[in-house]
Amino acid sequence: MVVTATETASLNKFEKIKSEKDGLAVKAQLEDFAKIGWEAMEEGDRDYRLKWLGIFFRPVTPGKFMLRLRLPHGIISAVQMRVLAEIVQRYGSDGNADITTRQNLQLRGIRLEDIPEIFQKLKSVGLTSVQSGMDNVRNITGSPVAGIDAEELFDTRELVQQVQDMITNKGEGNPEFTNLPRKFNIAIAGCRDNSVHAEINDIAFIPAFSGETFGFNVLVGGFFSAKRCDAAIPLNAWVTPAEVVSLCRAILEVFRDNGLRANRQKARLMWLIDEWGINKFRSEVEKQLGKTLKSAAPKDEIIWEKRDRIGVYRQKQPGLNYVGLHIPVGRLFAQDMLEIARIAEVYGKGEIRLTVEQNIIIPHINDACLAAFLTEPINEKFAIDPTPLTRALVSCTGAQFCNFALIETKNRAVELIQELETELTLSKPVRIHWTGCPNSCGQPQVADIGLMGTKVRKNGQTLEGVDIYMGGKVGKDARLGTCIRKSVPCEDLKPVLRELLIKHFDAEIKPEFAK
Ligand code: SRM
Ligand code: SF4
């Protein structure tokens with residue numbers, strides 16, 4: 001995109017930053033940055049352009065950066081996990097890793113002076129963090145049990161990797177897609193339970209047969225933002241797996257060249273679709289693709305409720321099992337990561353999977369080893385049968401590290417759930433999602449109960465509080481929840497949640513807590 005001088009004057013802050021210098025350009029400057037230190041860096045490079053390499057300056061913890069990786073399909077090897085563990089281990093209590101709501105890992109406590117060495121280590125084990133922040137395509141999600149689930153329709157692992165390779169030039173960085181109008185999410189589902197939350201992605205491929213032939217119906221424009229949240233809508237297109245990469249490319253090119261850039265709040269794909277209408281959008285995509293798209297298949301194959309994959313399950317490969325371990329709000333420390341890598345190697349084939357619910361799966365555990373696996377001490381910290389509320393708890397980063405946050409989330413979420421579980425009996429999981437601000441990274445709109453951070457006034461004081469969402473449904477017939485109650489101070493939240501759980505989710509008060 002060539003920007004003239006007159007246009008530059010009218011650009012918003014982020015478009016100016018991008019037009020002055022491409023985000024990827026900082027790749028060549030990392031050694032210099034490491035030498036001069038973060039305090040001496042130009043602000044545009046430090047606070048924004050580094051995010052093109054996945055390096056996030058954290059105003060809450062200046063000098064301790066966050067590094068967001070790309071883990072297509074949420075798959076990581078034990079060798080890779082060990083390298084990441086060693087990276088965070090050297091930062092002592094500052095170092096940890098979070099599993100994200102996009103099946104990904106973010107490392108914390110990272111010092112800029114170590115980045116060149118860290119990047120070499122990542123490369124040596126085939127990892128990249130390129131284009132994982134700002135106006136780029138984010139981690140591409142797929143079923144966490146692809147290739148091991150007997151009931152899946154299509155193993156999407158290779159496809160997800162191919163899409164990532166196209167977008168990132170095999171992890172080296174691809175200037176073709178480093179100046180999108182805004183962030184962009186892609187999900188590819190080959191399973192029946194919509195484990196990827198297809199409906200909240202800018203492009204989602206969902207399984208559908210055209211006659212006997214397997215392929216995907218395509219949804220577009222799903223997104224959450226502080227101002228607006230929308231589920232993806234049908235593009236009225238059906239593609240074979242072989243056509244997925246070129247369709248992603250065509251849609252990205254149309255978005256890159258035509259997406260709205262003036263107002264950052266209106267720069268996501270759905271706003272362009274609104275402006276053009278879905279028919280014009282579809283025909284522009286066809287033009288870019290150089291061929292006509294087939295109409296969508298009449299029905300898709302998302303016919304199951306969503307499965308959380310925590311616990312022990314048989315694989316499609318005879319004699320093998322996968323075990324889903326619950327990781328409370330996705331937080332891992334170096335020791336945990338080393339231990340996870342160890343058990344994946346000892347009992348499995350050295351592979352680990354991450355889920356969008358911020359948990360892990362260890363696949364390929366032999367029948368003969370399963371009993372021994374289940375006696376490993378790690379099962380005490382990361383349970384295979386957590387209690388119903390704990391089991392389905394998800395939380396974004398919140399105030400501990402995120403400067404957008406209006407409230408603390410992860411620690412509070414865990415504590416409150418434990419208190420509620422002390423008082424209540426529940427027969428099935430209730431999906432409670434916390435998000436620290438209206439950006440909705442913790443996806444409160446897909447939850448049974450979503451809690452969105454806000455500031456509230458009480459007795460003349462400003463306190464941390466939440467807006468409460470309900471009605472989100474995942475899996476088959478997915479729909480977004482809506483706000484049912486505003487501005488509940490966090491200090492008053494427990495009785496409110498207790499009531500909601502009793503009224504809507506059949507929770508019962510334990511006798512010792514009944515009045
Ligand atoms: Fe997010 C910005 C964390 C998933 C919507 N998100 C941020 C930043 C980068 C803000 C910042 O610079 O501090 C947060 C980093 C905090 C930190 O230190 O960790 C952040 N987002 C996250 C993660 C880590 C939440 C989590 O705890 O899991 C998730 C990382 C996913 C990944 O691996 O790439 C994360 N963010 C999401 C999702 C959920 C999803 O993708 O399924 C959404 C809603 C879906 C969507 O994007 O349509 C989401 N994040 C946002 C937005 C609002 C976007 C918009 O169009 O307005 C922002 C703010 C922005 O981009 O300006 C944001
Ligand atoms: Fe930060 Fe807000 Fe996203 Fe939570 S929802 S990670 S507080 S930007």
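The questions and answers below go through this predicted model.

Q: Why is Lys-170 called exposed?
A: A residue counts as exposed when its relative accessible area is over 50%. Lys-170 has 65% relative accessibility, so it counts as exposed. You can look for Lys-170 in the loop between helix H7 (157-168) and E7.

Q: Is Asn-194 buried or exposed, and what makes it so?
A: Here the cut-off is under 20% relative accessible area for buried. Asn-194 comes out at 4%, so it counts as buried. Asn-194 sits in a loop too, the one between E7 and E8.

Q: What makes strand E8 (residues 203-210) largely enclosed?
A: Count its buried residues: 6 of the 8 are buried, so the strand is largely enclosed by the rest of the structure.

Q: How do you know that E8 pairs with strand E7 (residues 186-188)?
A: Two strands pair if there are at least two bridges between them. E7 and E8 have 3 bridges, and they run in the parallel sense. As a landmark, find Ala-187, which stands opposite Ala-204 in E8.

Q: In which sense does E8 pair with strand E9 (residues 213-220), and over how many bridges?
A: This pairing is antiparallel and has 8 bridges. E8 and E9 form a hairpin with 2 residues between them, and Gly-211 in the turn has a positive phi of about 65 degrees.

Q: Why are E3 (75-77) and E13 (311-314) said to stand at the edges of their sheet?
A: The open sheet has 5 strands in the order E3-E16-E17-E14-E13, with antiparallel pairing. E3 and E13 each have a single partner strand, so one side of each is left without a neighbour in the sheet. On average, neighbouring strands of this sheet are turned by 30 degrees against each other, direction ignored.

Q: What joins E3 to strand E16 (residues 351-354)?
A: There are 3 bridges between these antiparallel strands, and at least two are needed for a pair. Ile-75 has Arg-353 in E16 as its bridge partner. Helix H5 (residues 78-89) packs on the sheet and touches both E3 and E16, its direction making about 80 degrees with that of E3.

Q: How is the packing of helices H8 (residues 244-258) and H10 (residues 278-289) described?
A: Two packed helices are described by the angle between their axes and the distance between the axes. For H8 and H10 the angle is about 115 degrees and the axes are 9 Å apart. Their crossing is right-handed. Among the residues that make the contact are Leu-247 and Ala-250 of H8 and Phe-281 and Val-285 of H10. The residues of this contact divide into 7 nonpolar, 2 polar and 2 charged.

Q: Which classes of residue make up the shell around ligand 2?
A: The shell holds 6 nonpolar and 6 polar residues and no charged ones. Cys-396, Phe-404 and Asn-439 are among the residues that surround ligand 2.

Terms used:
Residues are numbered from 1 along each chain as its sequence is written. Chains are lettered from A and ligands numbered from 1 in the order in which they are written. This is a predicted model: local features need pLDDT of at least 70, side-chain atom pairs count only at pLDDT 80 or more; totals for chains, interfaces and linings use all residues. Side-chain values use heavy atoms; hydrogens and water are left out. A residue is near a molecule or strand if one of its heavy atoms lies within 4 Å of it. Ala, Val, Leu, Ile, Met, Phe, Trp, Tyr, Cys and Pro count as nonpolar, Asp, Glu, Lys and Arg as charged, and the others, Gly among them, as polar. Buried means under 20% relative accessible area, exposed over 50%, partly exposed in between (1.4 Å probe, protein chains only). Helices (H or I, at least four residues) and strands (E, at least two) are DSSP runs, numbered from the N terminus. Axes are lines fitted to C-alpha atoms, for helices over the stretch in contact, and angles run from 0 to 180 degrees between N-to-C directions. A crossing is left-handed if the near helix is turned anticlockwise from the far one by less than a right angle, and right-handed if clockwise. Contact means heavy atoms within 4.5 Å.
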